[in-house]
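Please examine the structure shown here.

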Amino acid sequence: MATAKKTTAKAETKTTAKKTAAKKADTAAKAETKAAAKTETKAAKKPAAKKTEPKFDLYIQFGGATVSVADIESNVKKVVKDKKAYTVYVKPEESKAYIVADGETTGMDVFFVAD
């Protein structure tokens with residue numbers, strides 16, 4: 001009987017050792033998976049490089065005079081306030097801009113500056 005107990009104890013020790021090794025391997029694999037997931041998350045959270053738009057200036061020239069579209073836009077917003085939409089038609093030969101703001105038509109002088 002003593003031999004049977006030794007054999008059983010050795011078998012149980014081997015089984016316990018195998019289970020412990022398997023648990024350690026499983027724990028290590030989970031830790032690697034978590035580390036990889038964190039690395040992927042950090043990489044995904046980095047913002048994309050911001051693209052800067054080039055500066056764009058637009059001028060209208062007519063009869064030796066010049067006016068910038070930005071100035072026209074600024075004047076339109078001063079003349080016609082609290083509107084949701086603006087459509088501006090510039091007629092340089094008349095030195096005027098015609099504005100359609102929320103369906104209402106109005107005229108406005110555009111001050112052309114001689115070059």
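Q: Which residues does Ala101 touch, not counting residues up to four places away in sequence?
A: Ala101 touches Val80, Lys83, Ala85 and Tyr86, where contact means heavy atoms within 4.5 Å. This is a predicted model, in which local features need pLDDT of at least 70, side-chain atom pairs count only at pLDDT 80 or more, and totals for chains, interfaces and linings use all residues. Residues are numbered from 1 along each chain as its sequence is written, and side-chain values use heavy atoms, with hydrogens and water left out.

Q: What makes Asp82 count as exposed?
A: Exposed means over 50% relative accessible area, buried under 20%, and partly exposed in between (1.4 Å probe, protein chains only). Asp82 has 78% relative accessibility and therefore counts as exposed. Asp82 is found in the loop between helix 2 and strand 3 (86-91); helices (H or I, at least four residues) and strands (E, at least two) are DSSP runs, numbered from the N terminus.

Q: Why is Asp102 called partly exposed?
A: The relative accessible area of Asp102 is 40%, so Asp102 is partly exposed. Asp102 lies in the loop between strand 4 and strand 5 (104-109) and has a positive phi of about 50°, although it is not a glycine.

Q: How do you know that strand 1 and strand 2 pair?
A: Two strands pair if DSSP finds at least two bridges between them. Strand 1 (residues 59-62) and strand 2 have 4 bridges, in the antiparallel sense. Ile60 stands opposite Val67 in strand 2.
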